[in-house]
Amino acid sequence: MNKFIAHRRKDGKEQSLDTHLAEVSGITARLAFKLGVPDAGTLIGLLHDMGKFSSDFQTYIGSATGKINPDEDDYVDFKGLKGKIDHSSAGAQWVWENCHKWGPQGQLVGQILALCIASHHSGLIDCLKPEGENGFLDRMGKPDNKTHKNESLNSAPAHYIEKLDLLLNKEFIQNIWGQLKVISQAPNQSIRSFNVGFFSRMLFSCLIDADRINSADFECPENKQHRDNVPVDWATPIKRLEQAISGFDGDKPIDELRRNISDTCRERAVDTQGIYTLTVPTGGGKTYASLRYALHHAQKHELDRIIYIIPFTSIIEQNAVAIRDVIEDSSDTTPWVLEQHSNLEPEQQSWHSKLVSENWDSPIVMTTMVQFLEVLFSGGTRGARKMHQLANTVLIFDEIQTLPINCTHLFCNALNYITNYCKTTALLCTATQPLLDQLKSPEKGQLIIPPENELVGNVPKLFEDLNRVKLSNKVRPEGWTTEQIAALALDEFRAFGSCLIIVNTKAWAQQLYLEIQTSSDIDKDSLFQLSTSLCPAHRKEIFEKVKKRLKQDQPVLCISTQLIEAGVDVDFASVIRFLAGLDSIAQAAGRCNRNGLRKGSTVHVVNPDEEKIDLLKDIKIGRDKAQRVMNEGFDNLLAPDAIKQYFNYYFYDRAKEMSYPVSVKRLGRDDDLLNLLSCNKLNTVRNNNTLLLQQSFMTAGKVFKAIDSPTQAVIVPYGDEGKNLIADLGRVAKEFDVKTYRELLKKAQKFSVNVFPNVWNRLQNENAVHEIQPDEDIYYLDEKYYSDEFGLSDKPCNKMTAQIF
């Protein structure tokens, strides 16, 4: 047995370092094949843990795993040394030094490979640090007594060194350089630099995932049976979907329109890969139409997976159920669909969390826009691990207009890269298509979408045919009080039997619920409240009750935040929408007379007299631009021409925000993430170094998280299942059974609420959140802080007024 070990299990079984490096190398090569550089994957996989050949590391891991007993002379305090023995720099230094002999081409290739290796525990490091230091060259110049490079080379087996020398040759450099030349065919230097940095992160992703897969499979060998790595047989879900569609009945005009949209998507699925749009009014059947397109397109182009990117965690459950209903069968050995409701994986990953974290390795993945953007741009390794899965894929963006405005140029550049160079197709679905191909500053990056790439053809005619509601502008200078809005809702409820109120804040949802609750005109079984303070399992239960009552023509009055607007299949007779962006109003209209059962229904737009939305910039600016368009006399405010005018105003006003601006307070100077991830032209070191890759990756990742107000997921004790999950997680985390822990974390996503920093701080001050086990960084909520009516609260639930936040 090789005396050098990489990992050691509780049962005493060891994984040799030689085996770990060889296996990670093989997996990285397979994953990097999608990027056109399998040999690069082979080399960085072999080099990533080269520093573990040092005696310092072997003594450390022996002491940490019990191989070296405390009474032996070479035993060390492993807890104090955790994370302090550098084993990633040695391989990075070797490849950097050995690539230089091939000139500028070798220098760039060497820098990319060294960057991936040196960063595989921390997340991509800064090539140039914002404070004026050359982070990359500092790391490459780290003293040998700290990196153990020479000792590792002397200690490594001869066959290992021979393989390194055989791999790294002129042909190796030229192959990677050829791929870099292809991705550098961009209109300007900024986008060319962004593309090279994006390629580096994609390759980094391959290494991170390979390392995690191999470590997890060593710890839990039965994992391997789920990693068959054979092409997906898309014929199976296609057959099931087509059978389900053939059984859909309905003879109303809207049913015929939905069938036509679905058939058109099926026909267009054979088209070449690229970026496409599906602009269909709300209620037009986008979920199954886009699924039909994606499945047939994936089969035609032999793609690996389909990823749905959805605006809110609140609708993942519904969309996943709708898809499972038509493509999954009880005879399936593994599920087709993976849902990612919330991110329970801690940002600073422990050994445990690395072993059980998700890597989107499923045929169909349901995730959110926030999680998708974190995969592209966040720091650390958690998000980056999944990034290579975006290659050879169909990406379905549901409600693309919800893209955060500050990520616009970053998103456009990333999507152009993925669709141009990674054999991926993107479909942008919405009733309110934003102008991502007509931006004010196209030189910073905008989507390239040929006009013929709209799947459904005559969009204005389709909107005319699917028009089922009228918009009533009830905005008034003095605004509407709580009592007046409640009275309007009750009038609609009495007249039509069902009414939906969509508000902009949780505070207003609770306020109206409590006001309407006092009315004698409604019983408690007819009144519902929805917000993201409820966990997915709780929301699902409410949705099912609401849908059942609506289907049976029982009275329903529901008050909800905007979570109900996107993709939620409910059909109310009347809708009241708080004034917001015109895209949000159009989404609200999609919950009114959705199935065309009534001759005419009304969406009432009202403005509350008091509303704390100064910090909700998207809502506030959207509200102002919508009011401007509403005053311009459009015949139909939900038609494409009105929506286009709205986005013209909205995007023009916010053009300066689209590159993810960073303040002097955060960076020491005014800058933006687009610059940090491309040319880095404002960095003071830039003109005094010869590096070809100059990005501040780590700084950009940290800033992205800081500006984006990252949420913290907390598991809530909703019902017996939620309480039992918390207890089981605590027990399994202590004993650490990898397979069970992973399964429980998947279940826990449905019992989790994502909490913003200000609320998280208040919960901590209340001692309302607790770790399931020390150092796991996964938290649960004290049951006193979860209400059956309003969900998570920052005060004990009997103190009702304290719940409004």
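Which backbone oxygen lies 3.4 Å from a polar atom of the side chain of Gln433? That of Leu428.

## About the model

This is a predicted model, where local features need pLDDT of at least 70, side-chain atom pairs count only at pLDDT 80 or more, and totals for chains, interfaces and linings use all residues. Residues are numbered from 1 along each chain as its sequence is written, and side-chain values use heavy atoms, with hydrogens and water left out.

## Around Gln433

Let's stay with Gln433, in the loop between β8 (425-430) and α20 (459-465); helices (H or I, at least four residues) and strands (E, at least two) are DSSP runs, numbered from the N terminus. Gln433 counts as buried because its relative accessibility is 17% (buried means under 20% relative accessible area, with a 1.4 Å probe and protein chains only).

The side chains of Gln433 and Thr279 are joined by a polar contact of 2.9 Å. Such a contact is a pair of N or O atoms within 3.5 Å; within protein, one must be able to donate a hydrogen and the other to accept it, and residues adjacent in sequence count only if both atoms are side-chain atoms.

## The cores

Now for the nonpolar side: the largest nonpolar core has 128 residues, and Phe397 and Phe411 have the most contacts inside it. Helix α12 (residues 189-219) gives the most to this core, with twelve residues. A core here is a set of buried Ala, Val, Leu, Ile, Met, Phe, Trp, Tyr and Cys residues joined through side-chain atoms within 4.5 Å.

Notes: Buried < 20%, exposed > 50% of the residue type's maximum accessible area, 1.4 Å probe, protein only.
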